[in-house]
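Thanks for making the time this morning.

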Amino acid sequence: MFPTRILLATDGSGEASVAAEAAVELANGTGSELHIVHVVHTVLELPYPPRSSAKKQSEALLERRRLRGFKLLDDQVRWLEEELRGSIAGSYYREGRPEKEVIRLSRELDVGLIMTGGQKRPWFERIFGAGFSETVLRRADRPVLVVSERGLRGSTVLS
């Protein structure tokens with residue numbers, strides 16, 4: 001009944017911290033493996049800067065994002081293990097579109113549950129498209145649990 005592997009998607013936000021605490025509690029309570037992933041959004045936004053100086057600035061920004069991403073993942077793993085007494089089976093750094101990379105990794109690891117933090121976005125932001133947690137919730141072919149500071153919003157996505 002319980003998932004044997006849980007994948008926690010984190011971005012270091014407050015909502016992600018609440019999800020991390022819930023993931024550790026669930027993994028420890030069920031004997032499940034806990035895996036954690038952080039994805040750095042590296043897909044260049046259009047239009048791509050046409051000048052070489054702008055391109056260099058974009059590449060420098062991307063490099064700073066990568067370094068912050070590695071540090072964030074390392075800090076999250078340390079916090080989960082030392083402060084929350086969790087056992088991390090694997091930590092993963094990915095680059096690309098976060099929604100796609102989390103779903104792809106969940107398939108590679110054959111996880112039984114994806115967990116992420118989420119918050120209700122204002123209506124005017126929802127007009128322009130779904131956020132990360134909503135997109136994962138809709139597109140994943142396995143159960144997804146979205147945890148917010150206000151409580152759990154979960155859904156099982158059936159294949």
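Predicted model: local features only at pLDDT ≥ 70, side-chain atom pairs only at ≥ 80, totals over all residues.

**The interior, and what packs around it**

The largest nonpolar core has 19 residues, and the members that touch the most others are Ile-6, Leu-8, Leu-34, Ile-36, Leu-80, Ile-88 and Met-115. At least two residues of this core come from each of strand E1 (5-9), helix H1 (14-30), strand E2 (33-41), helix H2 (52-82), strand E3 (88-96), strand E4 (113-117) and strand E5 (144-148), and H1 gives the largest share, with five residues. Apart from this core there is another one, of 15 residues, including Ala-9, Ile-103, Val-111 and Ile-114.

For the overall layout, the chain contains five helices and six strands, and their order along the sequence is β-α-β-α-β-α-β-α-α-β-β. Of the 159 residues in the chain, 38% are buried, and of the contacts with a separation of 6 or more, 73% are between residues 24 or more positions apart. The chain exposes about 9,600 Å², of which carbon and sulfur atoms supply 51%.

Not counting residues up to four places away in sequence, Ala-19 touches Leu-8, Met-115, Thr-116, Gly-117 and Val-147. The C-alpha atoms of Ala-19 and Val-147 are 5.1 Å apart, although 128 residues separate the two along the chain.

As for H1 itself, its 17 residues reach 25 Å from the first C-alpha to the last, close to the 24 Å expected at 1.5 Å a residue. The buried residues in H1 are Glu-15, Ala-16, Ala-19, Ala-20, Ala-23, Val-24 and Ala-27, and after the helix comes Gly-31, with a positive phi near 75°.

Now to the rings. How many aromatic pairs does the structure hold? There is one aromatic pair, formed by Phe-70 and Tyr-93, and it is stacked, with 3.9 Å centre to centre and 25° between the planes. The pair links distant parts of the chain, since Phe-70 sits in helix H2 and Tyr-93 in strand E3, 23 residues apart. Phe-70 counts as partly exposed because its relative accessibility is 45%, whereas Tyr-93, at 16%, counts as buried.

Last, I turn to helix H5, which covers residues 132-139 and includes Arg-139. Ser-133, Thr-135 and Val-136 are buried in this helix, and because they cover an arc of only 165° around the axis, they are on the same side of H5. Is Arg-139 buried or exposed? Arg-139 has 55% relative accessibility, and therefore counts as exposed. Leaving aside neighbours within four places in sequence, Arg-139 is in contact with Ile-103 and Arg-107. Its C-alpha is also 8.8 Å from that of Lys-100, a residue 39 positions away in sequence.

Conventions. Residues numbered from 1 in each chain as written. Heavy atoms only, no water. Core = buried A, V, L, I, M, F, W, Y, C linked by side-chain atoms within 4.5 Å. Buried < 20%, exposed > 50% of the residue type's maximum accessible area, 1.4 Å probe, protein only. Helix = DSSP H or I, 4+ residues; strand = E, 2+ residues; numbered from the N terminus. Contact = heavy atoms within 4.5 Å. Arc of directions from axis to C-beta. Phe/Tyr/Trp six-rings, centres within 6.5 Å; stacked < 30°, edge-to-face > 60°. Expected span 1.5 Å × (residues − 1). Areas by Shrake-Rupley, 256 points an atom, 1.4 Å probe, with all protein chains shown as cover.
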